[in-house]
Amino acid sequence: MASLRVVSVLVLVAMAASAGGVAARPLVGGGGAWENRAPLQTSRPFNIAHRGSNGELPEETAAAYARAIDEGADFIEADIEATKDGHLVCFHDTTLDGTTDVADHPEFAGRRRTLEVQWANVTGYFVTDFTLVELKTLRAKQRWDFRDKSHNGVSPIITFDEFIDVALNAKRVVGIYPEMKNPVFMNKHVQWADGKKYEDKFIATLKKYGYGGKYMSPAWRARPVFVQSFAPTSLVRAAGLTDSPLVFLVDDVTVRTEDTNQPYDEITSGEHLDYMKRYVVGIGPWKDTVVPPTKDNRLATPSDLVAMAHARGLQVHPYTYRNENKFLHFDFRQDPYAEYDYWINDVGIDGLFTDFPASLRRFQEWTAKNKD
């Protein structure tokens, strides 16, 4: 069954690339036989492809992940949710409205409803109200109006297994960076027949594909993975199920965690970081939490979050670097390289979530050549 799944994913990627007009390019750092693949680079901050190369292609699709690998990403990142019948799929929002054509399917018109998600009422077509077979009839679309829409309507939603297959079948070692997304919501609205929880199913999927081992161990280097979540209790649960490295995501300081109902300014105090470092190897903060912007779109004084994390031996992988002028602070003069330089060399972070992994790769190659 595994070999059949690999073939199906590779065919899916090829079809999406062909139909969407994705130009073929040589893989960055491609190797020969699978066992001789070029290793993961660990000498510079990690290039983490946020939902794949989603600046170019619809997010969380096989095509976006394949493009990110093609463009030199060290890790491909995915948000993992659960279907009505208990399958794990790659999808960011709890609702399908923003990034699929679900509204164009009259057979699902009655599925729209309102539920509470992270302390707020949300209305839409919820992933948890659809079976995997039903979700596979939908097609992905670009989230942002100002990005290329020519690939809309091509790629289907993919499963966690299919996402892993894309990474494992790359011609070099590519890490995965899956998120346990909305675990409280998932456990409330999806029930597994064996009584397992969402976190159990998530970690079991990773183990099925040989993921395990502490950070930088030989096992980890062979199959690199970071498991991330905004929910500290889910990370604590996961720590009891795997020795893979875990990352605690940090939202805006005013936002409350979905499980402990604490604002992130409280849960990133020294006391809480001391507690969390027993379970995680790093934090993944929203970049505006690390360096808050001013009202006139300039950078204010950085917080001490990076220093606090580093003092405790924790890595810092902020999100998200989107490159377009719409998202750049005026300090960077509409130059994404200036933003990368500031965060890597001034703030001193250990990895970046980017919508444009090719841009980050080119910046790092350019700066490495200048240093030489």
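Visitor: Which residues in α13 meet which in α14?
Guide: On the α13 side they are Tyr337, Tyr340, Asp341 and Ile344, and they meet Ser359, Leu360, Arg362, Phe363, Gln364 and Trp366 in α14. Contact here is heavy atoms within 4.5 Å, and helices are DSSP runs (H or I, at least four residues) numbered from the N terminus.

Visitor: Is this an experimental or a predicted model?
Guide: It is a predicted model, where local features need pLDDT of at least 70 and side-chain atom pairs count only at pLDDT 80 or more, while totals for chains, interfaces and linings use all residues. Residues are numbered from 1 along each chain as its sequence is written, and side-chain values use heavy atoms, with hydrogens and water left out.

Visitor: Back to α13 and α14: at what angle do they pack?
Guide: About 65°, with their axes 10 Å apart; α13 covers residues 336–347 and α14 residues 357–371. That makes the two roughly perpendicular (65 to 115 degrees). Axes are lines fitted to C-alpha atoms over the stretch in contact, and angles run from 0 to 180 degrees between N-to-C directions.

Visitor: What about α2 and α4, how do they pack?
Guide: Helix α2 (residues 62–70) and helix α4 (residues 160–168) pack at about 25°, and their axes are 10 Å apart. So α2 is roughly parallel to α4, the word for angles under 35 degrees.

Visitor: And which residues of α2 and α4 meet?
Guide: Ala62, Tyr65, Ala66 and Ile69 from α2 meet Phe163, Val166 and Ala167 from α4.

Conventions
Angles under 35 degrees count as roughly parallel, over 145 as roughly antiparallel, 65 to 115 as roughly perpendicular and the rest as oblique.
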